[in-house]
Amino acid sequence: MTMSDIGLWSVPLAMLGGAIRVSTPFIFVSLGEAITERSGRINLGLEGTLVFGAMAAYAVAVETGSAWTGVVAAMLAGAGFGLLHAWICSFPKVNDIAVGIALMLFGIGLAFFFGKPYIQPAAPRLPAIPFGAWSDLPQIQAALSINVLFLAGIALAVALWWCFKNTRAGLIVRVVGDSAEAARAMGLNPTTVRLIATAVGGAFAAVGGAYLSLYYPGSWNERLSSGQGLMAVALVIFARWNPLGCLAAALLFGAAGALGPALQSAGVTQGYYLFYAAPYVLTLAIMIATSSPGRALAGAPGELSITR
Amino acid sequence: MDIQPSAGAVGVETVGMTMRFGSFTALDDVSIKVSAGSFHALLGENGAGKSTLVKCMMGFYQPTEGQMLVGSREATIASPRDADRLGLGMVYQHFTLVPSLTGAENLVISRPDVPRIIAWPKERKALAAFMDRMPFKISLDAPVRELAAGEKQKLEIIKQLYLGRRFLVLDEPTSVLTPGEAEELLGLVRGMTERRQLTVLMISHKFHEVTQFADDVSVLRKGKLAGTGRVAELDHKALAAMMIGDQPIAPIDSRRPTPAGAAAVLSVTGLSAKDRSGLKSIRIDDLTVRAGEIVGIAGISGNGQKELLEVLAGQRGREAGEVAVKGEPYGATRAQSRDRHVRFIPEEPLRNACVPRMTVAENIGLRTFDLGPEGRPVTWINSGGLKAHAARLVQQFKVKTASLASPIEALSGGNVQRAVLARELSGEVDLLIVSNPCFGLDFAAVAEIRARIMKARNGGAAVLLMSEDLDELLELSDRILVMAGGQLVYETSIADADVHVIGEHMASRH
């Protein structure tokens, strides 16, 4: 492989491309978590949903030969996990965080169990649009080859942001998430609203998984996820539960995640492994920077078990 | 939805309303007539059945017996939805607005027929037209959490009118308002009843509000209608007699003059601490409480009184400043509070002054359980002595409990407070810090607790009293300070105290 002579410019370019590639699962998982948390529940099980979604998408794509059928299958599986979480949490005195951790391990284990036969076969990949075709430089072509799901993620973030303000469903989710008492006084059933919100959140998270197995890295194995589902929870807090904030934060995390590979491709041979840890360091730094011992989190939905 | 002006006030009547929960009769044959366009007050102590009555009227409970007439026609109200349909609404004591939504969003989402997609330009126009007809002026664009308590209360009422209610139950609507805000709100509501836009049934325990604004009054006692009549024909004494019956009320000691040159017991200088949100600070430049006086701190809840109390009690860290008790720095350690006889009666005593699942005896012994007879620390706890000590205090302070071994959380609010008083007021007391001691308690308990505080003062204790109830402060204090926006903004001696001046200062930092 020849290195073109754009020198160190390849690092920011690779980071841009990487941000777009790596951020897509973050976008979907964080939007899913944002919907769930806006309704007043925390679903920590999204990591498990993501891994199971990745497996389901890959397996169905292999069996049917269609990547999109795989994505739909992942969404159904994710909605199923979301429903399971919300159903268990609808019983009195159940802690949503504990249930989330249990479901995370359950989802991962189940995915490994059913996914064993699919490590070998190759599945069809999701299509990408070559926005970089105008350029002769392979780096630019590579960076701007953008997957359809990334664009869908951006559209989804904008749509959700609009929906939270301008639709009945959006307002109802916010009401339930901020004050279950007020919701009941309006004749709304918080449990039902949370059931639906958690299911939708699960479906979105599973799409993030489908992207992992069907596009980038584009294969199914047991080390596919590197904790995207868990970091998305931190990301939602960082984004103050705002879908557009989730999009921006996901891009930031994606760029941080692309730092290691970018340095490697630019010919840095020493210490780049350290930069693979950049997203986790960023998570820690953000959590420390935005936390305080003496005050409540601004903008947090009032019904969350961590803020109530 | 077209927002129609409400079709005018409607009268509501209950006939022989009875509600039994098992063998307990919460409401016994209560008939109340609230005629159309009147302002009717419902008085009664806690547990007298006021909220049971209105819950029956609003369809939350199904009365065991009895009927409702709405607009002189018999009405079956099987659920809150039925009440909505008949135009009956209620404003609760706690706010039912959603804090993170704006006023406009709160109004629109509360409507039963919200469209799938909300066309905001059109809604805004309709809302502006609706607000033009309202006597209240408030901004609908700010998130509700940024509104002051008085504005929230107005928005609650606006919401009911927006939903087309013609009969409104207000449950202690002024409990979180300054006197000025309360007068304004009730004046506006009264104006609406005079124009016959609305009928109002107001639950209250403040006599002066009732006499000033209401047309009629009904009094409940132990689930029965104790009396009803025109407000103009009844005075406070008659109302009080109806409310409490013939139970004995503890008389309050007369105030002994504070000895001239009494020593400062508590002095706070240059204190600052972060409030709960972490965004604002409280700052107390100078506060002194001398022996034998009660210093009252007035203020609307959320203006830093709670934080000040927490700093003094050691529940919250301070950023700067000095707290001294009897001239020595005070850090709220157990040893210091024991050594200098500092005692606390915090608000929500079950949460702040008790271990809810420990027994009454153990809770009463929390100050002294690890001390021997000579006041020295002991290793082995003398549980017999603890029980005997508790038994003595329970009798002396008239704590009603099934047994000394029952968990303190099983006691009623008044008895929890009595148990805390028993613990905090026994032995030597040099500094007593009290916060909202009578919140939610009945007449007899309130009178007794106030009498005990006054007794401690006359016994030479310095008392710092924070309260949201101005009447309480006016009754007990020697000096009144006003706290607003985290600072002390006003001071007056009791002789010169004027409710309206105090109220203005309470609202000064909104």
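How much area is buried between chain B and chain A, and what percentage of it do carbon and sulfur atoms give? The buried area is about 1700 Å², and carbon and sulfur atoms give 59% of it. Buried area here is the accessible area (1.4 Å probe) that two parts lose on being put together, summed over both. This is a predicted model, in which local features need pLDDT of at least 70 and side-chain atom pairs count only at pLDDT 80 or more, while totals for chains, interfaces and linings use all residues. Residues are numbered from 1 along each chain as its sequence is written, chains are lettered from A in the order in which they are written, and side-chain values use heavy atoms, with hydrogens and water left out.

**The interface of chain B and chain A**

- On the chain B side, Val98(B), Ile109(B) and Arg116(B) lose the most area to chain A, together 26% of what that side buries.
- The contact (heavy atoms within 4.5 Å) involves 17 residues from chain A and 20 residues from chain B.
- One salt bridge is found across the interface, a salt bridge being a side-chain nitrogen of Lys or Arg within 4 Å of a carboxyl oxygen of Asp or Glu.
- Glu105(B) and Arg174(A) form a salt bridge in which the closest N and O atoms are 3.1 Å apart.

**Aromatic pairs**

- Over all chains, the structure holds 10 aromatic pairs.
- Rings of Phe, Tyr and Trp (its six-membered ring) pair if their centres lie within 6.5 Å; planes under 30 degrees apart count as stacked, over 60 as edge-to-face and the rest as tilted.
- The pair of Phe26(A) and Phe253(A) is edge-to-face, at 5.8 Å centre to centre and 70 degrees between the planes.
- Phe26(A) lies in helix H1 (residues 10-38) of chain A and Phe253(A) in helix H11 (residues 243-265), so this pair ties together parts that are 227 residues apart in sequence. Helices (H or I, at least four residues) are DSSP runs, numbered from the N terminus.
- Phe26(A) is buried, at 3% relative accessible area, and Phe253(A) is buried, at 1%. Buried means under 20% relative accessible area, exposed over 50%, and partly exposed in between (1.4 Å probe, protein chains only).
- Phe112(A) and Trp220(A) form a tilted pair, with ring centres 6.4 Å apart and planes at 50 degrees.
- Phe112(A) is partly exposed at 24% relative accessibility, whereas Trp220(A) is buried at 1%.
- Phe52(A), Phe81(A) and Phe106(A) form one aromatic cluster.

Technical notes
Helix = DSSP H or I, 4+ residues; strand = E, 2+ residues; numbered from the N terminus.
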